[in-house]
Each structure stands twice: as C-alpha cells, then as structure tokens.
Amino acid sequence: MGGPIPLETWEVAAAGGLVVLNAILSFRFRLGQETAWLIAGARTAAQLSLMGLVLHFIFGQEQLWLTALAATIMLAFAGREVMARQARRLPWWQGYGIGVGAMLFASFTVTILALNTVVRPDPWYAPWVALPLLGMIMGNTMTGTALALNTLTETLYRDRRAIEARLALGHSFTDAARPAMRHAMRTGLMPIINAMSAAGVVSLPGMMTGQILAGADVGTATRYQILIMFLIAGGTGLGVIAAAFGGSRLLSDNRDRLRLDRLSLLDDKSVAQSTGNTREDDTR
Amino acid sequence: MALLEVRSLARPPLLGPVSFTLDAGTCLGIEGPSGSGKSTLLRALADLDPARGEVFLNGTARNSMPAAAWRARVCYVAAEPAWWAERVGDHFADEERGARLAEALGLAGAMDWTVTRLSTGEGQRLGLARALAGKPAVLLLDEPTSGLDRDAARRVARALERLLEDGGSVVLVAHDPALLDSLAARRLRMANGRLEAAA
C-alpha cells in the first residue's frame, strides 16, 4: 500500500463540477435551489480553504491560548447553528446560551477526557490533535443538540393542551413534560445510534475513509474510527440531555407553568401571534 | 372566612383587576360574551398563567403553597379536556373512584375505553370526573355542559350539587342560563376583563 495519493487543485475543481451539475438540474426541474447550490459549493471551498490556512498557522504555533481561541470560535459558530435550526425560537440569548452551554459541557468534557486519557498527545492540547477531535465531536453534538431542542419545543407546543391538563390536576411540570422530554432525547440521539449501527456495514465513516485515502494503515484508521464514534456518542448523549433539560427549564417557571409565550415562530410574521393572544384564543 | 379570596387579580390587557370571595359550599356563576376574559380568569385562578394580585385558599396565600398542591386544590377543567394516555382509566390516580364518578355521569365502563373514541360530550364528562376524583376544594369549570344533551347536562348538574353539599365550591363559567340558575347562588358578568353584577 502506497502513501497518500496526491490531489491537485484542478482535480478538486473538477469534482466541484458535480455541484454545478446539481445547480443546472435544479434550474431544469425548477427546484429554485440553483443559487443555493452555487453559494453552498463556494462556501464549502472558501471556508475549508480558510480553515486549512488557519489550522496550518495554529498547528505551527502549538500555543494553548491559540488552541483555546480556535475552540471558542468553533463553539460560538456551533451555538449559532443550533439556533438557526429551530422552527420555534427561544429568546435569542437564552436559546443561544442553552446551545452553547450544552455543547461546551458535552464536547469539551469528552474531548479533554480523550486527550488526557486515550490519545495523550504531547502537549495534551496539541492543536493538530485537539482541534480536529473537538471539531468532529462538536459537529455531531451540534446535530443532536439542535434536533433535541427543536423536537422539545415542537412537542411541548403540539401537546400543550395535554400538558396543561396534567398541570391543572396538580401534576408537576417535570411529570407533565416527561413524554416531550423523552421524545426530544430519543430524536436527538437517533442519528448517532444509527451511525454506530450502520458503521462498517452500510457506510464507511468519513474520517476512516479520509485516513485510508491519505495513506494511513487500515488497522490504525479502524481503531481511530471506533474511538471517534464512541467519543461522538458520549458527547452527543451529554449534549442532548443538557439541551433537553435546559430547554424545558426555559419553557417553564418557578410556578410549574408551561411558558410557550417565551417561544417565537420563525416563519411567522408576528411574534405576538404565538404569545399571549394565541394562548388566549386556545383557551376559550 | 371565605374559602377562596381573590384580591386584584389581573393579567393585562386581558384581565382585571378583579376581586371576589367564594364561601365553602357555594357556586359563583360567571357569564359574559366570548373573548371577555372568562377563561383567562379561570386559568389565572388555577395559576396556569402568570397574573398579578393575590389569591387565598382558606386564608393561605397561593404563593406560599407549591404550585402543584395549589392546582390539586383549585382545579381547572377546560371546555374541551385533553388526554395524555390512550386508555381513559390511565388518567385517574384512583381508577375505582374514577369509575364510580364516571358511572354517575352516565359513562359506566368508561375506564377501559380508548380516548380516541370519545365524543365531545363524553370527553367533557370524563374530564369533570377526572377533576372530581382528585377531591378539589374549588372547581373552576369552563363551559362544562356546552357539548351535552339534556340528560347528560342534568347528570353534570347533579354531580356538582353533590360537590357543593360536601363543602366544595365552584366557579362556573357558562352560557347555559338553566345551569347557572340551578347551581349559582351568586352571578357576575365579565365584560372587557372586568367583573360586574349580572343583569
């Protein structure tokens, strides 16, 4: 088996032709996504190239503060992505706080644990290990967190009458919202459980494929992939649970009320429609 | 001492401020046009929505009691009760008591029914039975007979009379003058979120 197969810029650009092809198909079938295809393709190339340059610089410095700064920026963007994927938005700073808090708790805990116990690079924060590891764990935790939070708000909204019927009978908010919490957690965890179940049978995970293509030993690539899957699973689990508890706490108050008036509907012109007035109509 | 005392309860701009007292064993009837704030008042009394003002039960301030304990004692029944389990009986902590109450409301054997087969009227009566099963001190009823035939409405009125005889109290929001006449010792009218004497 040889080393990495060299890849020229024009070869990557040729693969980009597939994105252009999709844009043409979108135009042909009037899907209205041609601009989105081209912008997304250009963003992928630009963002990853920029990231490559940044990582090249950071890897060369091997400074703890620089690694921490890069990790913080990644976290800030991930928090924004979680908020962007919500059909019913929590108040911006509180929702952003839940997303960032859940990922900070989950991704950083798991990454720091892995760096100090399993991977053990020297120094432990070596950016060429820490940042890719954190990126992979955070990317998956972000998906789980966003899904859990979105499912929680949607389910609490959909089942609001049943939840309030239980509250009215003297049930605690924890009991009344438990089915919604369970549904949110299950939904948030499903992608990683599916990915683990299908790994190696239905799909070859991207990291393992990348390592093999880059000339790494298959055995080493496999062991690293299994490790990464387990770390992602750990991070996603923690993130989903933290997001579900944080979200349900935000949508209740100290008198065990369901506070859907704190949600706003993204695709609704009027935020007010999903607050006091709508609830008043609902209860009549 | 009044069983329930309400002082300046308000939820701007929908409600109040409203004040009234309710003695044990009595029913306060509230009528008024749709959108006047009747349901808002009941929800605020049950502490389901945040509201200003004070509410006391037997002299104990609402905020000094845990919310769940307050709602178990001051129980709100919506016009269309909602369900969270498939089987009717699973909504009752004491199924035997629930079965007796349901039978008194003309729904013998209802504990084993699935909630998807309930008609509006059956759902209303079972919602009332579910609330009565918890032995509340005050029942907050929102249009309890709006979807019922005459016989079913009579059964509901009888169940509420029994609650009043046992020392319970009822705040009854209704458009049905016959029901208000038969149960409510005192009647008030809600208009633009304010309570006034009924005409």
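Three salt bridges turn up across the interface of chain A and chain B. This is a predicted model, and I will stay with that interface for a while before moving on to the chains themselves.

How many residues does each chain bring to the contact? Chain A gives 18 residues and chain B gives 29 residues. Between them, chain A and chain B bury an area of about 2,200 Å². Carbon and sulfur atoms give 52% of that area. On the side of chain A, Leu169(A), Arg255(A) and Arg257(A) supply 31% of the area buried against chain B, which is more than any other three residues supply.

Please find Asp47(B) on your screens.

The side chain of Arg255(A) forms a salt bridge with the side chain of Asp47(B), at 2.8 Å from N to O. Why does this pair join two chains? Arg255(A) sits in the loop between α9, residues 218–250, and β2, residues 264–265, of chain A, while Asp47(B) sits in the loop between α1, residues 38–45, and β4, residues 52–57, of chain B, so the pair joins two chains. Arg255(A) and Asp47(B) are both buried.

Now the other partner. Arg257(A) also lies in the loop between α9 and β2 of chain A, and Asp47(B) is in the loop between α1 and β4 of chain B, so this pair joins two chains as well. The salt bridge between Asp47(B) and Arg257(A) is 2.6 Å, N to O. Are these two residues buried or exposed? Both Asp47(B) and Arg257(A) are buried.

These pairs belong to a network. Salt bridges link Asp253(A), Arg255(A), Arg257(A), Arg259(A), Asp261(A) and Asp47(B). Over all chains, the structure holds 22 salt bridges.

For contrast, here is a salt bridge inside chain B. The side chains of Asp112(B) and Arg87(B) meet at 2.8 Å, N to O. The two residues are 25 apart and link distant parts of the chain: Asp112(B) is in the loop between α3, residues 95–104, and α4, residues 120–133, and Arg87(B) is in the loop between β6, residues 74–77, and α3. Asp112(B) has a relative accessibility of 57%, so Asp112(B) counts as exposed. Arg87(B) has a relative accessible area of 24%, so Arg87(B) is partly exposed.

Next, chain A as a whole. Which kinds of element does chain A have, and how many? There are 10 helices and two strands. Read from the N terminus, the order is α-α-α-β-α-α-α-α-α-α-β-α. The C-alpha atoms fill a box of roughly 70 × 55 × 40 Å along the principal axes. Chain A has 284 residues, and 39% of them count as buried. Among contacts in chain A with a separation of 6 or more, 70% are between residues 24 or more positions apart. The accessible surface of chain A is about 15,700 Å², and 65% of that surface belongs to carbon and sulfur atoms. As for charge, chain A has 24 positive and 19 negative side chains, with the centres of the two sets 6 Å apart.

Thr153(A) is in helix α5, residues 127–158. Its relative accessible area is 1%, so Thr153(A) is buried. Apart from neighbours within four places in sequence, Thr153(A) is in contact with Gln86(A), Arg88(A), Leu90(A), Leu251(A) and Leu263(A).

Gln61(A) lies in helix α2, which covers residues 34–61. Gln61(A) and Arg160(A) are 99 residues apart along the chain, and their C-alpha atoms are separated by 53 Å. Glu62(A) is in the loop between α2 and α3, residues 64–84. Glu62(A) is not a glycine, yet its phi is positive, about 50 degrees. In chain B, Asn58(B) likewise has a positive phi, about 55 degrees, without being a glycine. Asn58(B) is in the loop between β4 and β5, residues 60–61.

Last, the cis peptide bonds. Which residues does a cis bond join in chain A? Asp122(A) and Pro123(A), with omega about -5 degrees. Pro123(A) is in the loop between α4, residues 92–119, and α5. In chain B, the bond from Pro12(B) to Pro13(B) is cis, with omega near 0 degrees. Pro13(B) is in the loop between β1, residues 4–11, and β2, residues 15–22, of chain B.

Terms used
Residues numbered from 1 in each chain as written. Chains lettered and ligands numbered in written order. Predicted model: local features only at pLDDT ≥ 70, side-chain atom pairs only at ≥ 80, totals over all residues. Heavy atoms only, no water. Helix = DSSP H or I, 4+ residues; strand = E, 2+ residues; numbered from the N terminus. Buried < 20%, exposed > 50% of the residue type's maximum accessible area, 1.4 Å probe, protein only. Contact = heavy atoms within 4.5 Å. Areas by Shrake-Rupley, 256 points an atom, 1.4 Å probe, with all protein chains shown as cover. Lys, Arg positive; Asp, Glu negative; His and termini not counted. Charge placed at Lys NZ, Arg CZ, Asp CG, Glu CD. Buried area = accessible area lost by both parts, 1.4 Å probe. Salt bridge = Lys/Arg side-chain N within 4 Å of Asp/Glu carboxyl O.
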